[in-house]
Every structure is written in structure tokens, then in C-alpha cells.
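Here is a briefing on one protein model, for a reader who works with coordinates.

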Amino acid sequence: MTHNGVIVHRRPYPSPNPHVVLEEITYWSDGIKVKGMMAEPIAAGNYEGIIYLRGGMQHIGMVRPARIAQFATQGFVVFAPYYRGNRGGEGRDEFAGADRQDAIYAIDVLKQNPKTNREKIHLFAFSRGGIMALWTAILRDDITSVVTWAGVSDVVFTYQERKDMRRMMKRVIGGTPNNMPEGYRERTALFRVDEIDAPVLIIHGMLDTNVSFQQAVLLENALREHQKDYETWYFPQYTHYFPPVQNAELVRDLCDWMRKQGEQRG
């Protein structure tokens, strides 16, 4: 019997924003307990949902309460899985291996929130979250739109361009792309973008050295090749991190873009 997406435990979490309620949630994903954070507007309403797929690995790039509250203030219920092996969750983070299930079942968690419009669920991903979002959009058919910001699209590419991450990737994946090609190939979603039905927005700073701009181009090319619905917002002046004012502006713009996709898809 599967309990995937069933909530095991919830606890209130201090919110940095007076208009947003935060909760830390523990849920089942493939037989293990995984944690994540839910942010919802205090005001009553029926809000579109966002699955916020964080970047990084373990404590690096961990979900920030202020960041998901920022999305909730735009009028969304937001759920951000920490991924397995993080913050007391069981299992181990696998960098888009079996942990992709944690993103997939996060949708079922989000749909249990009474304020969530279950028909309109969007994916927002940053950095490593990009690969998680692509897999979620491939493996689920109830996604309204996908936004990948500075997102990883090819794990081999990440191994090649991030010397500082190679040790971690070898440990998690079981070797290098040369001696474990299958482990890398099965994590790379580019081969299966033909299975994505939701419109995709690619946001990338062209000076990014954490996740190179080339990763955005690879994704764009794959989507174009399969005649998928996508849009690109490229910024020649920015790196992996955008200045706070531009960042906040971009969050508003991408939330408007998501709502527009929701309207177009009924």
C-alpha cells in the first residue's frame, strides 16, 4: 500500500511575513519520511499552487522561509520539499536520482491544502531544482507551467563545469560520467523533454558560473526540437544571483507569467 504524499506530521514555523503562515510538513515519499515547508497567504481564498524546488545539496541552498513567503505574498500557496536526507528527513539526497520522487509527491501534499486550487499547480525551480522540475513535469500530467531559473538541465554538464561538486557527485552517483555513464544519463531529463506538456519559462543570467548559460541553451534547443511551448528571459548582465531589487521584480513578473498560463489553460 502506498502512502505517497500522505502527511505524517505538521508543525507551525515562525513566519517572517505578517501576511503569510508557514508550516513544516513531513510526508511519505517511496516509503521514507521527507520534510518540506508550506507557505500560504493568511487571507481566505482559492490560490494557485507553486511547488518550489530548491537548489543546492544538503544545507547549501536550503529552503529559506523569507523566499517562499515572498512567493506566497504574490497570491500562491507554496510548498518547498527539502528533499530526502535533509533537515531530519530520512534517506539521502541523490541529486535528481530517487529523490525526484520527493518533488513528484510534493504536488499531492500541496493539493491537500484547502486554499490550493488543485487544477493550477506550477513548478518554480532554482539551480539544481531545475533538473527536479523537468523530471516532475515529465512524470506528472497535472502541471500548469514550469519556471526554471538558473536551472541545471544536464547533470554531465554540471559535473564538467563544477570542479567543486565532483567529489559529491561521484559519491552520490557512484562514479564519474566516464565510469558511470548510466547513472548520469538517467538523471538527465533532456532526453525526455518530449514528454513535457506544460509551458516552460527559462530564466538565466548569461554571466552565471554556477550553472552555465549553456545549460539554458541546451534546454531551449531540446524544447524547440520537440516543438514545445517555451519562453526565455535571458539577462546578459547577471550571474547566478540577481541584485535584490531586480530579483524581487523578476519574482513578480514570473508569477504573472504563471497566472497567465493558468488562464490560458482554463
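Axes are lines fitted to C-alpha atoms, for helices over the stretch in contact, and angles run from 0 to 180 degrees between N-to-C directions. Helices (H or I, at least four residues) and strands (E, at least two) are DSSP runs, numbered from the N terminus. The axes of α1 and helix α8 (residues 244-264) come within 10 Å and cross at roughly 45°. That makes α1 oblique to α8; angles under 35 degrees count as roughly parallel, over 145 as roughly antiparallel, 65 to 115 as roughly perpendicular and the rest as oblique.

The model is predicted: local features need pLDDT of at least 70, side-chain atom pairs count only at pLDDT 80 or more, and totals for chains, interfaces and linings use all residues. Residues are numbered from 1 along each chain as its sequence is written, and side-chain values use heavy atoms, with hydrogens and water left out.

**The α1/α8 contact**

- The crossing of α1 and α8 is right-handed. A crossing is right-handed if the near helix is turned clockwise from the far one by less than a right angle, and left-handed if anticlockwise.
- On the α1 side, the residues are Arg 67, Gln 70 and Phe 71. They meet Asn 247, Ala 248, Val 251, Leu 254 and Cys 255 in α8. Contact means heavy atoms within 4.5 Å.
- The residues of this contact divide into five nonpolar, two polar and one charged. Ala, Val, Leu, Ile, Met, Phe, Trp, Tyr, Cys and Pro count as nonpolar, Asp, Glu, Lys and Arg as charged, and the others, Gly among them, as polar.

**The sheet**

- Nine strands form an open sheet with mixed pairing. Their order is β1-β2-β3-β5-β4-β6-β7-β8-β9. Two strands pair if DSSP finds at least two bridges between them.
- The edge strands are β1 (7-13) and β9 (230-235), and each pairs on one side only.
- Neighbouring strands of this sheet are turned by 20° against each other on average, direction ignored.
- Helix α2 packs on the sheet. It touches β1, β2 (20-29), β3, β4, β5 and β6, and its direction makes about 125° with that of β2.

**Strand β5**

- Six of the six residues of β5 (residues 76-81) are buried, so the strand is largely enclosed by the rest of the structure. Buried means under 20% relative accessible area, exposed over 50%, partly exposed in between (1.4 Å probe, protein chains only).
- Phe 76, Val 78 and Ala 80 point one way from β5. Val 77, Phe 79 and Pro 81 point the other way.
- With β3 (residues 32-41), β5 pairs in the antiparallel sense over four bridges. Met 38 has Phe 79 as its bridge partner, and Met 37 stands opposite Ala 80.
- With β4 (residues 47-53), β5 pairs in the parallel sense, also over four bridges. Here the partner of Gly 49 is Val 77.

**Helix α3**

- In α3 (residues 129-139), 10 of the 11 residues are buried, so this helix is largely enclosed by the rest of the structure.
- Among the buried residues are Ile 131, Met 132, Leu 134 and Trp 135.
- The buried residues of α3 pack against β4, α2 (100-111), β6 (116-126), β7 (145-149), α4 (155-161) and α7 (213-225).
- Helix α3 lies across β4, β6 and β7, running at about 145° to β6.

**Buried loop residues**

- Val 63 is found in the loop between β4 and α1 (65-72). It is buried, with a relative accessible area of 4%.
- Residues up to four places away in sequence aside, Val 63 touches Met 37, Arg 54, Ile 68, Ala 80, Pro 81 and Tyr 82.
- Thr 176 is in the loop between α5 (166-173) and α6 (181-185). Its relative accessible area is 17%, and it is buried.
- Beyond its neighbours within four places in sequence, Thr 176 is in contact with Tyr 159, Lys 170, Pro 181 and Tyr 184.

**Positive phi**

- Most residues other than glycine have a negative phi.
- Tyr 83 is not a glycine, yet has a positive phi of about 75°. Tyr 83 is in the loop between β5 and α2 and is buried, at a relative accessible area of 0%.
- Ala 150 is not a glycine either and has a positive phi of about 55°. Ala 150 lies in the loop between β7 and α4 and is buried, at 1% relative accessible area.
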